[in-house]
Every structure is written in structure tokens, then in C-alpha cells.
2 protein chains.
Amino acid sequence: MRLHLVHAHPETDSFVAAMRDTVIEAAQAAGAEVTLSDLYAMGFNPVLSAADFSERENPEHLTYALEQRHNFKKRTLAPDIQSEAEKILAADVLGFTFPLFWFGAPAILKGWIDRVFLSGPFFGGRRIYGNGGLAGKRAFAAISMGARPDMFGPDAIFGELESGMLRHFLHGSLGYVGLTVHKPFFAHRVPYVDAAERTSMLALLAEYVRTLEQQPLIEMPDLSRFDERMIPIRGNG
Amino acid sequence: MRLHLVHAHPETDSFVAAMRDTVIEAAQAAGAEVTLSDLYAMGFNPVLSAADFSERENPEHLTYALEQRHNFKKRTLAPDIQSEAEKILAADVLGFTFPLFWFGAPAILKGWIDRVFLSGPFFGGRRIYGNGGLAGKRAFAAISMGARPDMFGPDAIFGELESGMLRHFLHGSLGYVGLTVHKPFFAHRVPYVDAAERTSMLALLAEYVRTLEQQPLIEMPDLSRFDERMIPIRGNG
């Protein structure tokens, strides 16, 4: 297994940094080759712009997805985008460690998706979900938060977590490009727990990584139930 | 009405820039005072870090929310955060114009929320949703996308838009801090429409802004249905 891990936390002494180290150690112990993009350590630029392209299919007006396709083919993407895209394409499994900020990824990771998930090799037109460019690869995330587990669910204060608050990330980003997405590892109440509980959560995370292939999957839309315009096909029954 | 508009698009000739101008003109024509944060033009830094605080309640370990509260009180926040927070606190209505990237805000706007939505004045503990720090203010967004309207809905390829893919933004970010959130203005299929249709969409947006107070609201959790630990209160019926 080749795992590419993307880590987004500013502090080196954080629980999320310990989750990063735990993921790497557990994956390596299981025989995986691991590469790491530590976005804060790299000073990754999350703000997409015309500067991401050294050639232009259309010099008059920027259509970002169009220039992603053109510049990927010509190998004229900004070097940081090219390098991140190559690490993803070389991996079997894409992993993430980050704290939940506003029910999503920290901006440095959101912008990594904005810039690196390339129209062309990753998705395009009807090449989404099961037909996406990364189909055959798997993904997982280990996510810390302050909230309790009982704050999520159909009647809970924040509603569903995986299919609700995190739908934009799990379905709309990872699933969209064809990744098979495991249910995330969630570390709850992180600011409020003691050292023993943190150690215990990290042991559970190591077990999650060791047994990743057995971890349940997030259900994605089944494209066979949609026509070529992505309209649901009505049954006869 | 005092409107603070937050705009996130890299290109000055974009449809989203035209939406920004349309919002400003329609609001001013209705007598509003308008302030603008054009995040790309400002070179806004979306990446939160310890550098956001010139004082520290806890110099040993960074707990971002704790230092937001401490530094807001001491007026020692980074000047860009202080300035954005003051613009929001001075406004009656907070508006957004942005393109949908990966079913969320562009990273430059996600990071504006990460850094500027301050624990303390904006939210904290049980001060969320209807009890949030911005309760009494309203919010709206004008959002462009490539997708068609029929790609969203309970059986559609992307599921629900407002309560699903955008739940993290509408509920989890804007509603969370107490804002009363109007249903957004969505401009669909923007890369594929002609100039006449763009003009027509901008006219609809101007009408949306003129009639903002009559625009329907996004339903938020009713805190009276939850106890002080945010657990649903079971009825007797």
C-alpha cells in the first residue's frame, strides 16, 4: 500500500500532530510506503489564481477548470500543484489528518483541494463519483473536534455529521473524484479530555489504520441510477 | 441598513464580480450604506496561526478559540482580523458573493471565517444559533456554480443543496453565530450561459437584494427544543 497523508494543523505539539504520527507509524508497521504533505510546514498556498498556470488556453478570460486541463497536459501547472497531484496519482490510499473548523477543513486544506483536485485527471463532465479519475483509490480522514458524538444525528443539534455537515467534504470532494471513502475516524471533545483519554484515542486510531480495509464505507451515489445528464432514471415498478 | 459584503473571486471580469457590483448598486439604491471586503483585492491571508495573536493567555500551547477571546478583549488581535470583525459588528446585514468550489466557499473565504468568526463576541459555549453573538443581524449569499438546479434535491445526484452540501456554510457557519440566514441567490450553469442570460440573472439578483427582507429564511435549530447540554428535550406526547 502506498499512502499519501495530507496534514493540516499549525502547531507541532497538537493532538492532530499526534494523530498524524500515529497514522504514519501504524501504516508503516503494516508495510505501507508513506508520503506526507504537511501543509503548514510546507507553507502551502491555498489561494487559487491565474498564477497557477504558466500557459493559457484562453489568455482573455480565466476559466479555472479549463486551464487545469490545459496546463496538466502541457505540464505547465505551478510546481506545487504539479507535485501534489503526482503524489496523489502515485498513491493507493489518500489520508487526511485535520481539526474540524466550521464543520469543514481548515482553509489551508480547503485550498489544497481547490488547487490540486484537477479537472482532467481527477474529474470532468460525467467522470464523477464511481467514474471519477481517482476511482480504484481509497481515502480516509482522522478528524478532531470539540463536539460530543451525541451532538450529531437526525434529531441532534448539528444534524447528521457524515451525510450532513461533512457532505461537502466526504461526498462533494473525496467521493466526487472517484475515491472510495471510509467512514472517518473522529476524535471528539479533544480540548476537554485528559492525557489518558488522548492516549486511548490514539490507540483506537492505530487500530483503525491497521484495519482500514475492513472499515465501513461512505455510500456514494450509484451512477447506474442516473442517465447521461445525471437525471435519476425512473423505475417501472 | 448597513450591509457588509464579502467578495471572493480572483478575476475582475468574472460573473461573480458582476454579482458583487449588482449587489452593491441595488443595496445603495435602496438606501443602504455598504462596506466591502474584496478578499482577493485585499490579499487577505486565510491561514490561521499563532501569528494572529500578539498576546497569549497561554504561551505554552495554542488553543485558538481561547486566544481569540483573550486577544479580542485586549484588542491584540492581528490588525486584519480586528478590522474585519469590526466591519461585521457594525453591520446589520452580512452578504457574500462567491463561486461554489467543491460545494463550499473558496479557501480565501473559508479562511476568513476560520480567522474572523471570533470565539467570544461571535459565539461560545451555549451561545450558538439563536443565542449566538450575531443574533439580530441577517445574512445572505449570491453563489455561482456550473451545476443545474435539477442536480440538487432529495433524489438528485448531489442531494440537497441548502440543507445538505451547503449545510456546513449556511447552518454550521452563518447560522451557528446567530445570523438569520436568507435562502441564497444561486446562479446556475454560469460557464455555459450567454450574455443575455447573464444579464437576466443579474436583474433577478438586483430584485433579490431589493426584496431581501421578504426572501425566505433557512430554518435553524430551535434552541428551546434542546437542554443546556444541547440534548433534545423529549416531549410527553
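This is a predicted model: local features need pLDDT of at least 70, side-chain atom pairs count only at pLDDT 80 or more; totals for chains, interfaces and linings use all residues.
Which residues have the most contacts inside the largest nonpolar core?

**Figure 1. The largest nonpolar core and the residue B:Phe158.** This core has 119 residues, and those with the most contacts inside it are A:Trp112, A:Phe158, B:Trp112 and B:Phe158. Apart from its neighbours within four places in sequence, B:Phe158 is in contact with A:Ile128, A:Tyr129, A:Arg167 and A:Tyr176 of chain A, and with B:Phe103, B:Ala147, B:Met151, B:Phe152 and B:Met165 of chain B.

**Figure 2. The contact between chain A and chain B.** Chain A contributes 53 residues to the contact, and chain B contributes 53 residues. The size of an interface is often expressed as the accessible area lost when the parts come together. Here the area buried between chain A and chain B is about 4,300 Å², and carbon and sulfur atoms give 65% of that area. On the side of chain A, the residues A:Trp102, A:Ile157 and A:His168 supply 19% of the area that this chain buries against chain B, more than any other three residues.

**Figure 3. Helices H4 and H5 of chain A.** Helix H4 spans residues 79–90 and helix H5 spans residues 107–116; their axes come within 10 Å and cross at roughly 90°. H4(A) is therefore roughly perpendicular to H5(A). From H4(A), the residues that make the contact are A:Asp80, A:Ile81, A:Glu84, A:Ala85 and A:Ile88, while H5(A) provides A:Trp112, A:Arg115 and A:Val116. Sorted by class, the residues of this contact are five nonpolar, no polar and three charged.

**Figure 4. Helices H4 and H5 of chain B.** In chain B, the axes of H4(B) and H5(B) come within 10 Å and cross at roughly 90°. H4(B) is therefore roughly perpendicular to H5(B). The residues B:Asp80, B:Ile81, B:Glu84, B:Ala85 and B:Ile88 in H4(B) meet B:Trp112, B:Arg115 and B:Val116 in H5(B). By class, the contact of H4(B) with H5(B) holds five nonpolar, no polar and three charged residues.

**Figure 5. Helix H3 of chain A and its residue A:Gln68.** Helix H3 of chain A covers residues 64–74. Its buried residues are A:Tyr64, A:Glu67, A:Gln68, A:His70 and A:Asn71, and these pack against H4 and H5 of chain A. A:Gln68 counts as buried because its relative accessible area is 3%, which is under the cut-off of 20%. Leaving aside neighbours within four places in sequence, A:Gln68 is in contact with A:Phe53, A:Leu77, A:Asp114, A:Arg115, A:Phe117, A:Leu118 and A:Ser119. After H3(A) comes A:Arg75, with a positive phi near 55°.

**Figure 6. Helix H3 of chain B and the residue B:Arg75.** The buried residues of helix H3 of chain B, residues 64–74, are B:Tyr64, B:Glu67, B:Gln68, B:His70 and B:Asn71. What covers them includes helix H4 and helix H5 of chain B. Although B:Arg75 is not a glycine, its phi is positive, at about 55°. B:Arg75 is exposed, with a relative accessible area of 58%.

**Figure 7. The residue A:Phe103 in a loop of chain A.** Most residues other than glycine have a negative phi. A:Phe103 is not a glycine, yet its phi is positive, at about 60°. This residue lies in the loop between strand E3 (93–99) and H5 of chain A. A:Phe103 is buried, with a relative accessible area of 8%.

Key: Residues are numbered from 1 along each chain as its sequence is written. Chains are lettered from A and ligands numbered from 1 in the order in which they are written. Side-chain values use heavy atoms; hydrogens and water are left out. Axes are lines fitted to C-alpha atoms, for helices over the stretch in contact, and angles run from 0 to 180 degrees between N-to-C directions. Helices (H or I, at least four residues) and strands (E, at least two) are DSSP runs, numbered from the N terminus. Angles under 35 degrees count as roughly parallel, over 145 as roughly antiparallel, 65 to 115 as roughly perpendicular and the rest as oblique. Contact means heavy atoms within 4.5 Å. Ala, Val, Leu, Ile, Met, Phe, Trp, Tyr, Cys and Pro count as nonpolar, Asp, Glu, Lys and Arg as charged, and the others, Gly among them, as polar. Buried means under 20% relative accessible area, exposed over 50%, partly exposed in between (1.4 Å probe, protein chains only). A nonpolar core is a set of buried Ala, Val, Leu, Ile, Met, Phe, Trp, Tyr and Cys residues joined through side-chain atoms within 4.5 Å. Buried area is the accessible area (1.4 Å probe) that two parts lose on being put together, summed over both.
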